[in-house]
Amino acid sequence: MITRRDFIKITAARGALASIGQTADAHHTVKNILPDTSLARESAREIPVLAETDLVVVGGSSRAVAAAVAAATAGSRVFLVGYMPYLGDDICGSFLLDRQPDEQLHTALSQKLFHGKALPLPLHVKSILEEELIRNQVDFLYSSYVTNGITDAFGEIAGVVIVNRSGRQAVRCKSVIDATQEGTVAKLFGATFNQPDSRTFDFQFTVVGNTPKTAPEIIRTELFSQPLNYKTVPIRLPGTLSGYLPVTILTIRR
């Protein structure tokens, strides 16, 4: 879209150059004045301040909740920003509901999450984490993303800008804990990162409902026999002509 100001510039420049016979220069000038169509210009605007707090914790994982609760217990006002519509994505989203037989639960939160010998249900994990925030008076939002960092005149952290279905809003704070997996908020504030380790690592992925794949980085493929059994309990995964969905564990080296 060409603005009125750009139209006046184009008309004046092209008319002046064309009048003296420099048609090629006129076309070149027009090209330079036209806005870059691959970019969109956002005008300056004011956005509402949603809250003022001491600490903003970004992330909805169990470690994010633990950090928020610890800060609130120490007397800080805390606001948690979660990007998922629920808490505990590191446990529920990855189905890490089991633990090793000799694994010890050292914190009060972990003991609530993994109470007893039975596997906790995802809803139990989500509810416990939410209750912890409410009990410790931690304000929080779901389905929100931090899109920018706010700094004061001295370059110190002064808040974050979040976006959700209500639009863009600001949360003023004195400090931020980045509990995201990629450190996205730390990058917004210009934090430096160490170079990735040059060593190779093995990663395992469980694939449900697809045939085994081959690729140079796939070093091992394990196809489970049907029916699946978990702790001697058969698990049926109906969905194909044979009555089961294939389940494969891929080991990838990178």
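Student: Which strands form a hairpin with five residues between them?
Tutor: Strand 5 and strand 6 do. This is a predicted model, and in it G155, in the turn of that hairpin, has a positive phi of about 80 degrees.

Student: How many bridges join strand 5 to strand 6, and do they run parallel or antiparallel?
Tutor: Six bridges join them, and the two strands run antiparallel.

Student: What holds paired strands together in general?
Tutor: Strands of a sheet pair through backbone hydrogen bonds, in either a parallel or an antiparallel arrangement.

Student: OK, back to this one. What is the strand order in the open sheet of four strands?
Tutor: The order is 1-7-6-5, and the pairing is mixed. Strand 1 and strand 5 (145-151) are the edge strands, each pairing on one side only. On average, neighbouring strands of this sheet are turned by 25 degrees against each other, with direction ignored.

Student: Changing topic. How many salt bridges does the structure hold?
Tutor: Seven. One of them links R77 and D54, with 3.2 Å between the closest N and O atoms.

Student: Where do R77 and D54 lie?
Tutor: R77 is in the loop between helix 3 (62-73) and strand 3 (78-81), while D54 is in the loop between strand 1 (49-52) and strand 2 (55-58). The pair therefore ties together parts that are 23 residues apart in sequence.

Student: Is D54 buried or exposed?
Tutor: D54 counts as buried, at 17% relative accessibility; the cut-off for buried is under 20%. R77 is partly exposed, with a relative accessible area of 46%.

Student: Which salt bridge does R135 make?
Tutor: The side chain of R135 meets that of E132, at 2.6 Å from N to O. Both residues sit in helix 6 (residues 122-135), and because they are three residues apart there, about one helical turn separates them.

Student: What about burial for R135 and E132: is each buried or exposed?
Tutor: R135 counts as exposed at 52% relative accessibility, whereas E132 counts as buried at 8%.

Student: And which residue does R253 bridge to?
Tutor: R253 forms a salt bridge with D202, at 2.7 Å from N to O. R253 lies in strand 13 (residues 247-253) and D202 in strand 9 (residues 202-208), so this pair ties together parts 51 residues apart in sequence. R253 counts as partly exposed at 43% relative accessibility, and D202 is partly exposed too, with 42%.

Student: Now the whole chain. How many helices and strands has the chain?
Tutor: Seven helices and 13 strands. Of its 254 residues, 29% count as buried.

Student: What share of the contacts joins residues at least 24 apart?
Tutor: 57%, taken among contacts between residues at least 6 apart in sequence.

Student: Last one: what does the accessible surface come to?
Tutor: About 17600 Å² for the chain, and 56% of that belongs to carbon and sulfur atoms.

Note on methods:
Residues are numbered from 1 along each chain as its sequence is written. This is a predicted model: local features need pLDDT of at least 70, side-chain atom pairs count only at pLDDT 80 or more; totals for chains, interfaces and linings use all residues. Side-chain values use heavy atoms; hydrogens and water are left out. A salt bridge is a side-chain nitrogen of Lys or Arg within 4 Å of a carboxyl oxygen of Asp or Glu. Buried means under 20% relative accessible area, exposed over 50%, partly exposed in between (1.4 Å probe, protein chains only). Two strands pair if DSSP finds at least two bridges between them. Axes are lines fitted to C-alpha atoms, for helices over the stretch in contact, and angles run from 0 to 180 degrees between N-to-C directions. Contact means heavy atoms within 4.5 Å. Accessible areas come from the Shrake-Rupley method with a 1.4 Å probe; for residues, only the protein chains shown count as cover.
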